[in-house]
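The structure is shown first, and the notes follow by topic.

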Amino acid sequence: MACLGIDIGTTSIKCCYYDKVTGLIHNSQKVHDSTNKCSEDDVAKNEQSVSQIFAAIHGALEDLAKQLRCSALNVEQISLCCQMHGIVFWDDDGHTSDLVTWQDQRCSSDFLSNLKTLTQTIDLHKGYGCATLAWLTRYEPQFLEKYTHCGSIADIFTSVLCGFKNKSLISDHNAQSWGFFDHDNRSWNEKGIKLANIKFKLPQIIKSGSIIGEAVNGNYLIQSGAKVFVPIGDLQASVYSVLGNAARKVFNYGTASQLVKTLEKPNDQLFKPSIRRTLYTDKLDLATAASLNGGNAVEVVYKLFNNSLTNTSNQIFDYDMMMELAYECKDTTLKASPVFFGERHDTTTHGSFFNIESSNFTIGDMSAAVFRGIVENLCSMMPDFESDDVPFFAVGISGRKILQYYVKQKLGDYILYEKDITAAYGAILYDIENEI
């Protein structure tokens, strides 16, 4: 029988059809381009249109059905993962808010500092679901009055897929990413929630690997009856596609970037604010250095170059050209700290270029410095990543030789993971091997 995996990412939808008997895999992808344009008064907000995301899911599944030459996907299992930390609201009549993403900045540093002090909570940052909910509770309570449920973007999708009414469910993976989470008991931190004055009903936490329902009504070209698992985090799904239950390490590059090491329970301890203990499986947790900067930081510089060249010379400038120019200048003396989106563990940090000379401030030099800076920033967040002889996998850098160069230079030899659809496939494998 076959399984379907859906990864609802920050910029695109990726789907994977996996035949457990033959091992055959089909993939599809759709860019959803759903980020809303904010007014000058709302520049701190980062929201995405749920309807556009759902339309992209339908498009990706339609492409998958065309590949398989069928009108509807006949699968026994549906596994999902999604961009973590974000929160969306809805009611039982189908009305939804926009998705407030992990990149949202509406919670000021003062607001978060006061909230952490009040609730005695450390793991709470901008873009976290519970931080956003606390902000809305204080500043826009009338907004919350319109809705009855909240969850991640994948949670609202499974609610539609399974025809849920009067309930919302969230995995322990995604609940932890919201903050106000009791790691040891895998439950909400009720004391913190009460002190934050949050009265909106939070979703019921379900252990990852659990079946939560069945697909109904043939929605989204999926035949009725397929068992649906609670959506897990995209980080865990990406790591699982590479490591499974093995004790190894991963460099992961996407919109953001991460260094990840598996931790035995409950013996290993963490010693840096930049490293987060993340739920994974029953036997293993993840030590995660999760930077807010990755492909999004590259895009900042790319847009600068693209706009300049387009306006001055009508030149076409694309990502391939940027990476090629960067590789030509891979040994540049120009330095960059491309933390343009800050970091959760250091909200005062900002991006910069330095060691600038008249001969090293070209497009190629600047591009190379940004790529190198992304890797160097992760190394500073988890300095002991390469301290042992355990091999690590590099995910998301296939076809990006400039990043391959810097990953090897800064972290040592790696195993290149070249599969295109990592998180969607990883979600399938996770649910097969960890089903409760």
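This is a predicted model: local features need pLDDT of at least 70, side-chain atom pairs count only at pLDDT 80 or more; totals for chains, interfaces and linings use all residues.

**Helix α9**
- The buried residues of α9 are Gly 295, Asn 296, Ala 297, Val 298, Val 301, Tyr 302, Phe 305, Asn 306 and Leu 309.
- Among the elements that cover these buried residues are β16 (249-253), α10 (319-328) and α11 (363-381).
- Asn 314 follows α9 and has a positive phi, near 60°.

**The open sheet**
- Six strands make up an open sheet of mixed pairing, in the order β18-β19-β17-β16-β22-β23.
- The edges are β18 (276-279) and β23 (415-417); each has a single partner strand, so one side of each is left without a neighbour in the sheet.
- From one strand to the next, the twist averages 30°.
- β16 and β17 (residues 257-264) run antiparallel and are joined by five bridges, and Phe 251 stands opposite Leu 259 in β17.

**Helices α11 and α12**
- α11 lies across β16, β17 and β19 (284-291), and runs at about 135° to β19.
- The axes of α11 and α12 (residues 401-411) come within 9 Å and cross at roughly 40°, and the crossing is right-handed.
- The contact includes Phe 371 and Val 375 of α11 and Leu 403 and Tyr 406 of α12.
- By class, this contact has nine nonpolar, one polar and three charged residues.

Key
Residues are numbered from 1 along each chain as its sequence is written. Side-chain values use heavy atoms; hydrogens and water are left out. Buried means under 20% relative accessible area, exposed over 50%, partly exposed in between (1.4 Å probe, protein chains only). Helices (H or I, at least four residues) and strands (E, at least two) are DSSP runs, numbered from the N terminus. Contact means heavy atoms within 4.5 Å. Axes are lines fitted to C-alpha atoms, for helices over the stretch in contact, and angles run from 0 to 180 degrees between N-to-C directions. A crossing is left-handed if the near helix is turned anticlockwise from the far one by less than a right angle, and right-handed if clockwise. Ala, Val, Leu, Ile, Met, Phe, Trp, Tyr, Cys and Pro count as nonpolar, Asp, Glu, Lys and Arg as charged, and the others, Gly among them, as polar. Two strands pair if DSSP finds at least two bridges between them.
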